[in-house]
Amino acid sequence: MLGLNRKDTAILLVVAALAIFAPIILNLFPARSELAFFNAGYPDLMQRFVIFGIFAIGFNILFGLTGYLSFGHAAFLGVGSYAAVWMFKLLNYNVVPAILLSIVVAGLFSVVIGWISLRRSGIYFSILTLAFAEMSYRLAYSVLTPLTNGETGLQVYTDDPQVLMQAGGHIVPHLFGLEMRAREVIDVGPWQFVFPVGYYLCAILMLVSFYISIRIFRSPFGLMLRAIKSNQTRMTYTGLNPKPYTLAAFVISGMYAGLAGGLLASMDPLAGAERMQWTASGEVVIMTILGGAGTLIGPILGAGTIKYLENVFSKMNEGLLHKWFAFLPDWVESPVIWVVSKFTGEGWHLMLGGLFMLVIIALPGGLVEGGQRIMRLFGRKPKAETRTSTEPAE
Amino acid sequence: MDAIILQILNGLDKGSAYALIALGLTLIFGTLGVVNFAHGALFMIGAFCAVTLSKLFNLSFETLDPTKKDFLGNPLKVKTPYVQEWFGPDVGAWLIDWSVPLAILFSIPIMVAIGFVMERGLIKHFYKRPHADQILVTFGLAIVLQEIIKSNFGANPVPTPAPEVFRGSFDFGVLLGFDPNVIIYPYWRMVYFAFAAVIIGGVFAFLQFTTFGMVVRAGMADRATVGLLGINIDKRFTIMFGLAAAVAGLAGVMYAPINSPNYHMGMDFLVLSFVVVVVGGMGSLPGAVAAGFLLGILESFASMNEVKSVIPGIDQIIIYLVAIVILLARPRGLMGRKGVMED
């Protein structure tokens, strides 16, 4: 289907089904029950799942296929967000021009940065991209304030031109009149399901991005990128110049990041420079590796896992922990809570760092490799979606 | 003229910090071939050693002083630090005042121990893995260390003052024949620079003039051959890792009074130090030191108002700009050796 073989079609359909029914799947527990805490089916979080999924899919095209580790990808996300908000300011709140421009601007930006950074490889490439991202971040805070509104963050004001704005037009981001914020709430018994418009726009774009990424993985171009990763020297000996291929991969992943940035701004029309900080670049690296770099489905899994854990763990507070561990005798309870509280709430990043180290040490192929190992353990034929994955990043 | 001298002086203390961290990074890279993203965290832990010692000295118990009354007529509570109780008020006050320099002694064993544990427990397993994996695992470790510090000391900077005698400023201009109060320079920054110079000199002397250092240099040049000669080079490299950790830690201890330590200072310095290492040349110790000072001074020149009015925002990005130009024009860095990390 759509030029994919059977296995890839299956993956695509699984992801599509997951994305479409996410508001139901993620709201497993009735709204008023104790376990509703673990629900993730509300608009804001689901949007972040798919937006960061797009970001990670794009990053994986660069890192997973070519092995070039960029530590500056958040810069493209930030640029995309700024471009989108500027479109809101200049035209009107329609998201189509905003998203298109954010992709184009991030693409142009990544051509420039990629052109320079890709002259080196290995750790030098990482440091060059890091340097560019830090430069953009600092400039956004200082000199470029007229363009980025500095620390306040770029947002739309009532005295902005908004030339396409008609009287009584929408004052929140919308898709030809369909407001991003709009949602359909359906109550089924004790369950409550929310179907937000914004989420579905993001999910559709995520599926399109995912489809493109599958096509890239299976194309001769994708094979070239893998050749660059496995042995660049040998590739040059056979008379191929790797530079255009790596640059193309870099620009494509930059455009994915721009799309993610544009979507972030479309869901909430505000863009701040902190989106470009290098820790944000580190986050997408973590997502991709956690899921499994170089695999098709890994980045989406990674992005979802990180964002879900972030949400759940940073929500846990001491009172909640007391409630959960109340069944323990007091002398056990307090040390347990003391330890657990270090990893939850404010300490969520500790958990993230530890989890990340654990994955790198024990499971370099990420969750996908973990899944394969478990499958092998039970001696069953691996599922189609895991078998099509490539070798883990080395 | 006076402005130029002032900017050079201003650049020296930041440059010293860059140079010390970059020196440690290069030591680790040159010996073990590992790219250590957690080195900034070691710098931060050093700074928090100073914080911890000053907190320990300030631990106090409360007594009721019957001679003084608060506004309700109750006896006033007076805090007396334990050190003053144990060693007498004078020695105690001196200890509290000098807690930062004393933290040097306190931090060396801690930092060396942390370095050993890190190398044996984690880095050892990553020698054979690609550089990307090394970067990633040490990046994770950096996050973990930073969050541990955050959960123990809070997210806000902890002011850690220098000893009383060093708190003033020195009028450097008078010495060179300028008007008074034109070139003034805080004493503690002078101390920091001198301290950095001593440490850097010490590390170089250690590598250059001792048998141990000779073996290590031989190992940096050709690890396999040194191993074949029957020398346990791994053990020596572990010790070098401990040394590098101690250098970063000491840089942090002494930096605490200049910039109140907070949990993300390590990350801030790390990015810059990596740039410094790359500019100096991967694997070149003199290059790292020279580039550290060079970039520190360049940064302070770029923050002059005259320069900023010509190129706005240059002070924020000068270091990265220099790094990009150097990497593209002189891929090996200023003093990089041939064959190190070239691909």
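Chain A exposes about 17300 Å², and carbon and sulfur atoms supply 66% of that area. Areas follow the Shrake-Rupley method with a 1.4 Å probe; for residues, only the protein chains shown count as cover. The model is predicted: local features need pLDDT of at least 70, side-chain atom pairs need pLDDT 80 or more, and totals for chains, interfaces and linings use all residues. Side-chain values use heavy atoms, without hydrogens or water.

**Fold and packing**

Chain A holds 18 helices and 6 strands. These are DSSP runs, numbered from the N terminus: helices are H or I with at least four residues, strands E with at least two. The radius of gyration is 22 Å, close to the 21 Å from the globule rule for 394 residues, so chain A is as compact as a globular protein of that length. That radius is taken over C-alpha atoms; the rule is 2.2 Å times the number of residues to the power 0.38.

| Property of chain A | Value |
|---|---|
| C-alpha span along principal axes | about 70 × 65 × 45 Å |

**A hairpin**

Strands β4 (residues 183-188) and β5 (residues 191-196) of chain A pair antiparallel over 6 bridges. Pairing requires at least two DSSP bridges between two strands. Ile186(A) has Phe193(A) in β5(A) as its bridge partner. The hairpin leaves 2 residues between β4(A) and β5(A). In the turn, Gly189(A) has a positive phi of about 60°.

Notes:
Residues are numbered from 1 along each chain as its sequence is written. Chains are lettered from A and ligands numbered from 1 in the order in which they are written.
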